[in-house]
Amino acid sequence: MKSGGTTAILLAGRRDGATDPLALAAGVTHKCLVPVAGQPMLLHVIEALVANRRIGQVRVVIEDPALLAGLPPLRGLLHSGRVVGVAAWPNLVDSVLAGAAGAAFPLFVTTADNVMLTPEAVDEMLDGCTAQGADAAVAFTRRASVLAAHPHGQRKFYNFADDSYSNCNSYWLRDRAALKAAETFRSGGQFVKHPARIVGAFGLLNLLRFRFGIGTLEQAFARFSRRFRLTISPVILTDGAVAIDVDHARSHAVAEQMLAGRSTLAVAAE
């Protein structure tokens with residue numbers, strides 16, 4: 001197995017066990033198997049992770065890990081142990097904890113619909129975490145960067161006093177003590193779509209600041225750090241495309257268009 005200092009956890013389970021509308025339309029059981037530019041979206045993310053030499057094992061958290069063996073490009077990686085399947089739990093946080101069990105830290109956590117992820121974006125995230133001395137980190141990119149990548153790629157943004165940002169579905173945890181930051185997402189995450197979830201995760205005052213754009217992104221994370229007694233940092237990625245995940249028919253069409261110019265995926269055996 002190729003060496004690497006960071007373990008990747010790739011969340012590929014079904015939310016609440018329900019079949020996603022995109023999966024229904026594509027005739028597959030899981031959203032992560034929906035084809036994007038000719039390949040299941042899961043494979044695009046795995047390709048980006050295994051192409052980065054700082055990433056070691058990739059742990060794919062999915063309800064039925066046996067599904068991975070049905071994807072021919074993964075067979076060599078599964079045989080070598082570079083990619084392993086881990087059974088998902090109904091709750092997002094418990095799935096992260098399952099993926100982290102026995103894993104080498106630090107952890108890079110992302111999702112199977114993050115099809116625009118690149119090895120360069122992973123490097124930028126890892127470098128930013130090191131530079132900031134973070135215990136945990138969340139990847140963002142600026143609104144202007146997202147719109148420059150595609151004018152219709154993302155429509156919802158976190159608004160702060162300094163700028164508007166989009167989450168890039170990428171997270172970093174330095175060690176096991178930092179796993180308590182994952183509890184933030186026990187309510188399901190997706191705070192930009194469900195702001196009320198911030199009440200439970202971060203408190204009412206932070207919800208009000210979030211809704212009304214009071215303070216900067218850095219100030220918001222300083223407050224989160226105090227709440228969790230960890231150094232939790234935002235890392236700003238330069239590639240706005242990484243914020244464009246495949247969540248519905250519109251973003252699926254955008255991702256198809258953006259990935260059309262890339263070479264056909266062929267994850268190689270090691």
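Alanine 137 stands opposite serine 233 in strand S10, where strands are DSSP runs of E with at least two residues and helices are runs of H or I with at least four, both numbered from the N terminus. Strand S7 (residues 136-142) and S10 run parallel and are joined by six bridges, two strands being taken as paired if DSSP finds at least two bridges between them. Of the six residues of S10 (residues 232-237), five are buried, so this strand is largely enclosed by the rest of the structure; buried denotes under 20% relative accessible area, exposed over 50%, and partly exposed the range in between, with a 1.4 Å probe and protein chains only.

The model is predicted, so that local features need pLDDT of at least 70 and side-chain atom pairs count only at pLDDT 80 or more, whereas totals for chains, interfaces and linings use all residues. Residues are numbered from 1 along each chain as its sequence is written, and side-chain values use heavy atoms, with hydrogens and water left out.

The protein contains ten helices and ten strands, and 53% of its 270 residues are buried. Its accessible surface comes to about 11800 Å², with 56% belonging to carbon and sulfur atoms; accessible areas come from the Shrake-Rupley method with a 1.4 Å probe, and for residues only the protein chains shown count as cover. Among contacts (heavy atoms within 4.5 Å) between residues at least 6 apart in sequence, 76% join residues at least 24 apart.

The largest nonpolar core has 54 residues, and those with the most contacts inside it are Leu42, Ile46, Leu49, Val60, Leu117 and Met125; a nonpolar core is a set of buried Ala, Val, Leu, Ile, Met, Phe, Trp, Tyr and Cys residues joined through side-chain atoms within 4.5 Å. Helix H2 (residues 41-50) gives the most to this core, contributing eight residues. A second, separate core comprises 31 residues, including Val86, Ala136, Leu173 and Leu217.

Leucine 43 is likewise found in helix H2, and with a relative accessible area of 1% this leucine is buried. Leucine 43 and leucine 33 are ten residues apart in sequence and lie 8.6 Å apart in space, C-alpha to C-alpha. In strand S6, which contains threonine 110, that threonine counts as buried at 1% relative accessibility. When residues up to four places away in sequence are not counted, threonine 110 touches Ile9, Leu10, Leu11, Val45, Leu49, Leu117, Asn169 and Ser170.

Within helix H4 (residues 92-100), Val93, Ser95, Val96, Ala98, Gly99 and Ala100 are buried. The buried residues of H4 pack against strands S1 (6-11), S4 (55-62), S5 (83-87) and S6 (107-111). Just after H4, glycine 102 takes a positive phi of about 75°.

The structure holds seven salt bridges, a salt bridge being a side-chain nitrogen of Lys or Arg within 4 Å of a carboxyl oxygen of Asp or Glu. Aspartate 247 forms one of these with lysine 31, the closest N and O atoms being 3.1 Å apart. This pair links distant parts of the chain, 216 residues apart, since aspartate 247 lies in the loop between S10 and helix H10 (249-259) and lysine 31 in the loop between helix H1 (21-26) and strand S2 (35-36). Both aspartate 247 and lysine 31 are buried, and a network of salt bridges links Lys31, Asp113 and Asp247.

Another salt bridge is formed between arginine 174 and aspartate 135, whose closest N and O atoms are 2.7 Å apart. Arginine 174 lies in the loop between strand S9 (164-173) and helix H7 (197-202), and aspartate 135 in the loop between helix H5 (119-132) and S7, so this pair ties together parts that are 39 residues apart in sequence. Arginine 174 counts as partly exposed at 40% relative accessibility, whereas aspartate 135, at 12%, counts as buried. The side chain of arginine 174 also meets that of aspartate 175 in a salt bridge (3.5 Å, N to O), and aspartate 175 counts as partly exposed at 26% relative accessibility.
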